[in-house]
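Open the model in your viewer and keep the selection tool ready. We will go from stop to stop.

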Amino acid sequence: MTVALYPGSFDPIHLGHLATVEFAARNFDEVVVAVLANPNKSSGMFGAAERVRLVTEACSHLPTVRCVHFYGLTVALAESRRADVVVRAGHKEHGIEWSMAAMNQAMTGIPTAFAPVDGRTRGISASLIRHLVQSGKLAAGLTMVPTAVGPALVEKAAERL
Ligand code: PNS
């Protein structure tokens, strides 16, 4: 039984995240998507519970995937969940992300698997989506998220009116 841990902020989950979850579900028996709930980070769009809900709904077609929230270090969560691997998006395999993967493996022996880069989603980021929604470009943001996330984005856009 292999367990993959996919940590991230997921604020909100988007199509690039979903492609990475689907990669993990194809390659490992169980996937734990872990939403970082950082009480000190207040600049986001959705609270931790809402992000977990959106991830859960967006991944409801994948029976081996579940979503939790976490505080603290990814390595601590990976060990407590007995993860065999940490999963991250392929286009992040450089710089600080590569260093984090190397450091995590040095500390725990748990490697990071980078999902293949997908040309259709590599330009998408949660910060871009938040920026679009906050700038009145909801329609553009909606093209970048799973359908389950649409209503929540629409609500956020309405709040700023
Ligand atoms: O979606 P993101 O924002 O790119 O995810 C970043 C995340 C949550 C994976 C990263 O910030 C993280 O692992 N945070 C938990 C704290 C931690 O383990 N930091 C490692 C540096 S020592």
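Which residue in S4 is the bridge partner of Ala4? Select Val85: this is the partner of Ala4 in S4.

A word on the model before moving on. It is a predicted model, where local features need pLDDT of at least 70, side-chain atom pairs count only at pLDDT 80 or more, and totals for chains, interfaces and linings use all residues. Residues are numbered from 1 along each chain as its sequence is written, and side-chain values use heavy atoms, with hydrogens and water left out.

Now select residues 3-8 and 85-88. These are strands S1 and S4, which run parallel and are joined by two bridges. Strands (E, at least two residues) and helices (H or I, at least four) are DSSP runs, numbered from the N terminus. Two strands pair if DSSP finds at least two bridges between them.

Next, show the whole sheet. Five strands form an open sheet, with parallel pairing, in the order S3-S2-S1-S4-S5. Go to the edges: S3 (65-70) and S5 (112-114) each have a single partner strand, so one side of each lacks a neighbour in the sheet.

Select helix H2, residues 48-58. H2 packs on the sheet and touches S2 (30-36) and S3; contact means heavy atoms within 4.5 Å. The direction of H2 makes about 150 degrees with that of S2. Axes are lines fitted to C-alpha atoms, for helices over the stretch in contact, and angles run from 0 to 180 degrees between N-to-C directions.

Last stop: Cys59 and Cys67. Their sulfurs are 7.3 Å apart, too far for a bond. A disulfide needs two cysteine sulfur atoms within 2.5 Å, and the count here is zero. Cys59 is buried (under 20% relative accessible area; exposed is over 50%, partly exposed in between; 1.4 Å probe, protein chains only), at 3%. Cys67 is buried too, at 16%.
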